[in-house]
Amino acid sequence: MSRVGKTPISIPDGVRITAEPAADVAGSVSGDVVTVSGPGGELTRALAAGIRVRLGDGEAVVERADDSRSQRSLHGLSRALVSNMVQGVSQGFSKELQIVGVGYRAAARGPSALELSLGFSHTVPVSAPDGISFEVPNQTSIIVKGIDKQLVGQVAANIRALRKPEPYKGKGIRYLDERVLRKAGKAAK
């Protein structure tokens, strides 16, 4: 049995989980549709076929229908996804980005829009999708916040892709804990 999959998910106060069987399409067996709601909002996800969520008192357990290889690999993944949903609606997720470079800076244009100066001839506007908000504590850092872990990570990756850190001077946008491998420049003789 999956070590991650068999671990129960504790449900904090104020968070509600509902799991109902998905509508069968053409007689196929499908997994549960899990809805998690809490103080942060509401998230819904359809699990893979054969994966079920059993709700107990104060915890949820993700189970699989059989011991086939595909079910084993999806068991831990499904448990991690449901656990991330519970954490997202109760605490939320955030990803911090750092801007390095002379003249590179960020400016907030409301909670869901940014304007970045990244060395181009123009500023780059960035707007947040639904459920994501931005904070700019200073000109060289950006915090992406939201309840969906996958969406927070994707928005942060999209912002980083606008100007990836280059290896010679290290200029660009990087994650807060990212280490950029530096290369030596030309050797003068």
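**Exercise 1. Helix H2 and its cover**

What covers the buried residues of H2? Work through the span of the helix, its buried residues and the elements that cover them.

*Solution.* The model is predicted: local features need pLDDT of at least 70, side-chain atom pairs count only at pLDDT 80 or more, and totals for chains, interfaces and linings use all residues. Residues are numbered from 1 along each chain as its sequence is written, and side-chain values use heavy atoms, with hydrogens and water left out.

Step 1. Helices (H or I, at least four residues) and strands (E, at least two) are DSSP runs, numbered from the N terminus. H2 has 13 residues, which at 1.5 Å a residue should span 18 Å; the end C-alpha atoms are 18 Å apart, in agreement. The expected span is 1.5 Å times one less than the number of residues.

Step 2. Take buried as under 20% relative accessible area, exposed as over 50% and partly exposed as in between, with a 1.4 Å probe and protein chains only. Val-152, Val-155, Ala-156, Ile-159 and Arg-160 of H2 are then buried. Down the helix axis these buried residues fall within an arc of 140 degrees, so they line one face of H2. The arc is that of the directions from the helix axis to the C-beta atoms.

Step 3. Contact means heavy atoms within 4.5 Å. The cover over the buried residues of H2 includes E7, E9, E10, E11, E12 and E13.

**Exercise 2. Strand pairing**

Which strands pair with E7, and over how many bridges? Then describe the open sheets E8-E9-E10 and E2-E3-E4.

*Solution.* Step 1. Two strands pair if DSSP finds at least two bridges between them. E7 pairs antiparallel with E12 over 6 bridges, and antiparallel with E13 over 4 bridges. Phe-93 has Gly-146 in E12 as its bridge partner, while Val-100 has Gly-172 in E13.

Step 1. The order E8-E9-E10 makes an open, antiparallel sheet of 3 strands. E8 (105–108) and E10 are the edges, each with a single partner strand, so one side of each has no neighbour in the sheet. The twist averages 25 degrees from one strand to the next. Such axes are lines fitted to C-alpha atoms, for helices over the stretch in contact, and angles run from 0 to 180 degrees between N-to-C directions. E8 and E9 share 4 bridges, and Ala-107 is partnered by Glu-115 in E9.

Step 2. E2-E3-E4 is an open sheet of 3 strands with antiparallel pairing. Its edge strands, E2 (16–21) and E4 (41–46), each pair on one side only. E3 (32–38) is joined to E4 by 6 bridges, with Val-33 opposite Ala-46.

**Exercise 3. Two single residues**

Are Pro-165 and Ser-78 buried or exposed? Place each one and list its contacts.

*Solution.* Step 1. Pro-165 lies in the loop between H2 (149–161) and E13 (172–175). Pro-165 has a relative accessible area of 17% and is therefore buried.

Step 1. Ser-78 is part of H1 (69–90). With a relative accessible area of 3%, Ser-78 is buried. Beyond four places in sequence, Ser-78 touches Leu-47, Ile-51 and Val-62.
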